[in-house]
Structures are given as structure tokens and as C-alpha cells.
Amino acid sequence: MLEGGTIMDAKMNKKELLKEITAVHFSLIDLHLYLNTHPTDQNALVSYNSLVTNARILKENYEKFYGPLSYGSYSPYPWQWINEPWPWECEANFKLCGEER
Amino acid sequence: MAKDKNIYTVNCPPVDTCIPQEMIIRNVRLAAAYVPYQQLCTLLSPMEALKHGTIFPELYSPYEGKDKKYKPVSKC
């Protein structure tokens, strides 16, 4: 699903990384909903667990360079939580290419 | 009805092989909704899933805003 290089690149572009994290998190939510009604679907579970791993790697990678994305994450010095972008800023609300709206 | 069907066949990928079509519901009641049980078929890549609003191609059912009075989301 994700290209291996995408995850392995030590320092991806900040915005691209955030976009990838958003995409993987969204996919996790959808598979999560599916598994609630299909708890014995092993293929779906494999896909889900694989995305969990991807999400973790991507998030750790982002947080290492750009600061915590959620409460409970480590922060380098100085405290990174107050860094931009804030959720209401354009940078955090990217447009998807090919999106019509 | 025919028009609705056309909308779905135009905008949605063919998914007959992924959705059980042979289902027969007996003792149908009024004012009750019946949803076919979803089967896992193909999954979209995470980025495609985000663009489509679902990771399951069978569930992709875009709303055609041009048909209605519809205001596009303001751009950043």
C-alpha cells in the first residue's frame, strides 16, 4: 500500500508526511468500522494491522523532526507543541490533488 | 428509478462481483431498511481512500453537486 521508500525516508517533506499520516489514519478508521461488523475477517485484520504499523512509523518519523502530533508524545527541546501549523491553518488543511471541490 | 440507476452506473466502478447480488429477503416488512452484508474485496491505497472518502471501492458513491443547488467549500 505504501511504498517502502516513503516510510524509510528519514526526513520527508513535512507537509507530505502530514498528508500521508492523515491518509493512513483515515484508512484505519474505515477498516476499524468494517472490523466491528466483521471481527473474524482475517484478511481485513491483516490489512488493518499493517496500516497500524505504517501509521506508527510515519507518526514517529514526523514527531522526531516536527514535534508531537498528539498528547502523550515525546518532544525535543524546546517544547514543540506550540509549533505551527495549528489545526485551523491552511497548512494543516491541504487540498488533495485531483479534488474537485 | 431508472435515472438513479444511471447515476450509480456512471459514477461508481462496477462492483457486482464484490457485492452479493443473489440475496433474497423474505418476510419483508414495511419501513425497515435492509443492508447487504459487506464482503471484503479490494482496498484502495490510503491516499486514494482519503480522496474517495472510503477505503472500500464498493462504497464510493460521489454526490454530484452540479445537479443541485450546491456551494463549493471555500478555499484556503
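Student: Which residues of H3(A) are buried?
Tutor: This is a predicted model, in which local features need pLDDT of at least 70, side-chain atom pairs count only at pLDDT 80 or more, and totals for chains, interfaces and linings use all residues. Residues are numbered from 1 along each chain as its sequence is written, with chains lettered from A and ligands numbered from 1 in the order in which they are written. A residue is buried if 20 or more other C-beta atoms lie within 10 Å of its own, exposed if 12 or fewer, and partly exposed in between, with C-beta atoms placed from the backbone. In H3(A) the buried residues are A:Ser47, A:Leu51, A:Asn54, A:Leu58, A:Asn61 and A:Tyr62.

Student: How far apart are the end C-alpha atoms of helix H3 of chain A?
Tutor: Helices (H or I, at least four residues) and strands (E, at least two) are DSSP runs, numbered from the N terminus. The expected span of a helix is 1.5 Å times one less than its number of residues. Helix H3 (residues 42-66) of chain A has 25 residues, so it should span 36 Å, and this agrees with the distance in the model, 35 Å.

Student: Which residue follows H3(A)?
Tutor: The residue after H3(A) has a positive phi, near 95°. That residue is A:Gly67.

Student: Are H2(A) and H3(A) roughly parallel or roughly antiparallel to each other?
Tutor: Axes are lines fitted to C-alpha atoms, for helices over the stretch in contact, and angles run from 0 to 180 degrees between N-to-C directions. Helix H2 (residues 14-37) of chain A packs on H3(A) at an angle of about 150°, with the axes 9 Å apart. Angles under 35 degrees count as roughly parallel, over 145 as roughly antiparallel, 65 to 115 as roughly perpendicular and the rest as oblique. H2(A) and H3(A) are therefore roughly antiparallel.

Student: How many nonpolar residues does the contact of H2(A) with H3(A) have?
Tutor: Ala, Val, Leu, Ile, Met, Phe, Trp, Tyr, Cys and Pro count as nonpolar, Asp, Glu, Lys and Arg as charged, and the others, Gly among them, as polar. Besides 5 polar and 3 charged residues, the contact of H2(A) with H3(A) has nonpolar residues numbering 17.

Student: Is B:Pro36 buried or exposed?
Tutor: B:Pro36 lies in the loop between helix H1 (2-11) and helix H2 (46-52) of chain B. Because B:Pro36 has 11 other C-beta atoms within 10 Å, it is exposed.
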